[in-house]
Amino acid sequence: DVCMAFIGDGVFQLKKGQDTTDLGVKNFSPAYRALGDYEVNKLYVEEESLRDRGLSHDDLMPLTWEDEDDDWAEKPSIHIISRAKLSELLEEQDVIFNF
């Protein structure tokens with residue numbers, strides 16, 4: 001069971017409408033859209049990080065996954081959670097990769 005957490009400036013990774021051409025760096029947006037195909041459908045975004053950067057849920061890409069147990073219904077992958085809830089979630093993890 002894999003999940004991803006976006007905190008601090010990492011929340012900008014999920015911002016819709018990205019164009020990194022002038023920056024000369026890879027745009028990872030297409031990769032995030034494919035995560036649901038690999039059963040990575042729990043993308044947690046720290047609420048305080050969004051707010052501190054003037055962003056809201058509406059500023060993020062509409063990432064979804066298809067639930068085969070619910071007649072392939074599309075469901076949201078992004079979950080906005082508080083810093084306290086994220087801390088609890090991290091404590092529950094067996095392995096954490098930080099990048």
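Biologist: How many aromatic pairs does the count come to?

Modeller: One aromatic pair. A pair here means ring centres within 6.5 Å, for rings of Phe, Tyr and Trp (its six-membered ring); planes under 30 degrees apart are stacked, over 60 edge-to-face, the rest tilted. The rings of phenylalanine 6 and tyrosine 32 have centres 5.7 Å apart and planes at 80 degrees, so this pair is edge-to-face. Bear in mind that this is a predicted model: local features need pLDDT of at least 70, side-chain atom pairs count only at pLDDT 80 or more, and totals for chains, interfaces and linings use all residues. Residues are numbered from 1 along each chain as its sequence is written, and side-chain values use heavy atoms, without hydrogens and water.

Biologist: Are phenylalanine 6 and tyrosine 32 buried or exposed?

Modeller: Both phenylalanine 6 and tyrosine 32 are buried (under 20% relative accessible area, with a 1.4 Å probe, protein chains only).

Biologist: New topic. What about threonine 20, buried or exposed?

Modeller: Threonine 20 is buried, because its relative accessibility is 13%.

Biologist: Which residues is threonine 20 in contact with?

Modeller: Leaving aside neighbours within four places in sequence, threonine 20 is in contact with Val25, Lys26 and Asn27 (heavy atoms within 4.5 Å). A polar atom of the threonine 20 side chain lies 3.4 Å from the backbone nitrogen of asparagine 27.

Biologist: And which residue classes are in the lining of the largest cavity?

Modeller: Five nonpolar, three polar and one charged. Tyr32 is among the lining residues, including also Arg33 and Ser77.

Note on methods
Buried < 20%, exposed > 50% of the residue type's maximum accessible area, 1.4 Å probe, protein only. Polar contact = N/O pair within 3.5 Å; in protein donor to acceptor, adjacent residues only side chain to side chain. 1 Å grid on protein atoms, 1.4 Å probe; cavity = no way out; pocket = protein on both sides within 12 Å on 5 of 7 lines; lining within 4 Å. Nonpolar A, V, L, I, M, F, W, Y, C, P; charged D, E, K, R; others polar.
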